[in-house]
Each structure stands twice: as C-alpha cells, then as structure tokens.
Amino acid sequence: MTGFSHLDAEGRARMVDVSHKADTTRIAVAAGELATTAEVVALVRSDGMPKADVLATARIAGISGAKKTSELIPLCHQLSLSSVDIRFGFTDTTITVEATAKTTGPTGVEMEALTAVAVAGLTLHDMVKAVDPAATMNGVRVLTKEGGKHGRWSRESADDRTSPRSGPRSAVVLVASTGGANGTREDTTGPSIARWLTERSFSVRGPLVYADADIAAGLGDALSGAPSIVISTGGTGVSPTDATPEATKAVLDRELPGIADAIRLKGTHVTPHATLSRGLTGLAGSTVVVNLPGSPGGVKDGLAVLGPILDHLLAQVAGDGLHDDTSGSDQA
C-alpha cells in the first residue's frame with residue numbers, strides 16, 4: 001500500500017519536495033452540489049435573491065479561494081494558476097458547481113479545483129440562507145485530473161478498476177444555447193435530461209451550457225473523463241448559428257444513424273418540423289454521443305427513443321451482452 005505523501009518516515013507532517021519534478025500542464029476538474037429548495041433554485045435562476053447577483057458573487061469567491069489554496073491548506077504548494085473556470089447548473093432542488101483549474105508546474109492542481117468548488121458553494125449557502133437555512137453543500141470531489149507522469153485520471157475509471165459492476169454509470173448533459181450561456185434565456189431541456197438520467201442511476205455532470213459558437217469546446221469539455229454517454233440539446237437545426245452536428249461529427253469515430261433517424265421519425269408524429277433536425281448519434285471512443293433538438297418536445301421524443309435501447313447500447317459498447325438475443329437474431 002502506498003503511504004501518505006505528506007508524512008515522513010517518522011510520521012511527521014511535511015510538505016512534499018517537488019523540485020525534481022518536471023513542469024507540465026496540469027488540469028483538474030472538481031464538482032459539488034448545493035442541495036436547497038425549488039424556491040431558491042427559481043430565485044437564483046431569475047436573479048431574484050435579495051443579495052444581488054448570487055452566481056457572479058459565488059464565482060468570484062470560488063476563483064479567489066482557488067488562488068488562496070496554499071494559505072488555507074498548510075501543506076499545499078503555492079501554484080501560479082493560469083486559469084480557474086467555474087460553471088453552475090441547476091436541477092429542481094440543487095445548484096451544481098463545477099470548477100476547472102489549470103497551471104503549468106511540477107505538482108497537481110486538484111486542491112485548487114476542490115477549494116474553488118467548496119468556497120463557491122459556501123458562498124452560495126451564505127447568499128441563500130435567508131430563504132433556506134437548511135441548504136447543504138454536498139459531494140465535493142475531483143472528477144478528472146491530468147498532467148505529470150501519471151497522465152490522466154478520472155473518477156469513473158478509478159471506480160471501474162475497483163468495482164466494475166457496482167459503480168454508477170456516468171453521463172454528461174450539454175446545452176447549446178447562446179441565450180442560456182449569456183444568462184438571458186432560461187433553459188429547461190438540460191435539467192429535464194439530467195433528471196431522466198438520474199432516474200436511471202447515472203452519475204450526471206451538468207447541464208453544461210455553452211453558446212452555439214462555442215459548442216465544439218463544450219463537447220471537448222463534456223468528453224473529458226470519457227463518460228458513458230453525452231446527451232446534447234440544441235443547435236441541431238438549420239439556422240446560421242446551429243453548429244452542434246458539425247462539432248459532433250468532428251469527434252465521432254463511428255456514427256449510429258439508425259438512432260438519429262428514429263429520433264427524427266418520432267418527432268414527425270408531433271410536428272413535420274422534426275425533419276429539419278440534423279442531430280447525430282455515434283461513438284467518440286467509448287462514449288455514446290446523442291444530439292437532441294433544443295425544444296422540450298424534441299427532447300421528450302428523443303428520450304422516448306433512447307429509453308428502451310440505452311442499457312443494451314451501453315452494454316454493447318462496453319463489450320458485454322453481444323450475443324444475448326435469445327431469439328437467435330441479433331438486430332444490433
């Protein structure tokens with residue numbers, strides 16, 4: 001068993017000497033959730049809290065916290081941070097916090113990402129406590145980290161090594177919405193997809209909201225850590241800003257056109273406009289990527305198609321259940 005790096009041979013606390021390590025680009029992503037009430041979530045989303053802009057305040061606090069990590073945690077090294085990005089998402093009764101910290105140096109940056117999440121979450125708690133004093137900050141954890149001699153680490157891959165059958169499947173919800181990214185339009189499709197996945201025992205990251213012009217970067221973000229599935233919503237039409245299919249095609253190794261066609265066909269039972277969707281479905285490495293339209297109805301239809309096939313699809317991608325069709329004909 002590997003010993004604790006912050007203890008010397010005699011069990012005394014120490015700062016680890018990293019002077020012999022090479023400088024490399026280090027990136028860490030951490031997350032957590034503020035569990036609160038539906039009333040608070042609605043107030044924060046509408047900027048209706050009495051303490052001004054809740055999310056902007058929490059974001060600044062989280063960035064400041066990351067920069068002060070070595071002052072707060074005594075054995076952490078002082079790092080020159082090149083970037084700290086904090087994003088918020090919503091479910092019916094939670095505000096999710098995700099922080100990405102980057103540096104170039106000889107040691108990892110996960111503590112800075114964790115501190116950013118924790119401080120942003122505590123600031124959220126302070127801002128909402130007048131309405132919900134029982135709010136709780138939960139699940140602060142590292143999602144992924146990369147850099148140094150160990151390369152990339154993800155929570156999902158670690159869970160797979162220790163308990164390949166019992167760990168939760170992971171999913172990311174990605175929203176292409178310029179208005180949503182700018183805070184001028186409330187998105188309801190991302191949270192509904194997140195709920196749908198959670199009900200099916202997925203560990204869900206997001207919704208991650210990106211402007212249409214930035215959706216390629218959003219896909220790169222969503223695919224980090226190799227989740228089981230990424231479901232996007234929005235940007236699949238024919239308007240000049242709709243770019244989700246092009247960004248998706250660039251990352252796919254194999255397309256699954258039958259699923260995309262079935263989603264369009266399901267939509268045409270409600271509206272002929274469903275034929276205008278250019279959404280794709282396919283595999284990016286071992287991750288299933290599904291584009292859904294940006295309308296609540298389009299998302300509902302797409303999830304109705306995915307529901308009956310999702311478990312079998314993911315099992316096949318993982319190399320399981322390839323010959324489990326007892327009828328003798330493997331349709332997949």
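Q: How much space lies in the largest cavity?
A: About 40 Å³. Keep in mind that this is a predicted model.

Q: What makes this space a cavity rather than a pocket?
A: A cavity is a set of points where a 1.4 Å probe fits but cannot get out, whereas a pocket is an open set. The structure holds 1 cavity of 30 Å³ or more, and the space in the largest cavity is about 40 Å³.

Q: Which residues line the largest cavity?
A: The lining is made up of Ala260, Ile263, Arg264, Ser277, Gly279, Leu280, Thr281, Asn291, Leu292 and Pro293. Helix H10 (257-268) and strand S11 (287-292) are the elements that give two or more residues to it. H10 gives the most, with 3 residues.

Q: How do the residues of that lining divide into nonpolar, polar and charged?
A: There are 5 nonpolar, 4 polar and 1 charged. Arg counts as charged, and Gly goes with the polar ones.

Q: Why are strands S1 and S3 said to pair?
A: Pairing takes at least two bridges, and 12 bridges join S1 (residues 24-35) to S3 (residues 94-105), so the two strands pair. They run antiparallel, and Ala35 stands opposite Thr94 in S3.

Note on methods:
Residues are numbered from 1 along each chain as its sequence is written. This is a predicted model: local features need pLDDT of at least 70, side-chain atom pairs count only at pLDDT 80 or more; totals for chains, interfaces and linings use all residues. Side-chain values use heavy atoms; hydrogens and water are left out. Helices (H or I, at least four residues) and strands (E, at least two) are DSSP runs, numbered from the N terminus. On a 1 Å grid over the protein atoms alone, a cavity is a set of points where a 1.4 Å probe fits but cannot get out, and a pocket is an open set with protein on both sides within 12 Å along at least five of seven lines; lining residues have an atom within 4 Å of a point. Grid points are joined across faces, edges and corners, and a volume is the space filled by probe spheres set on the points.
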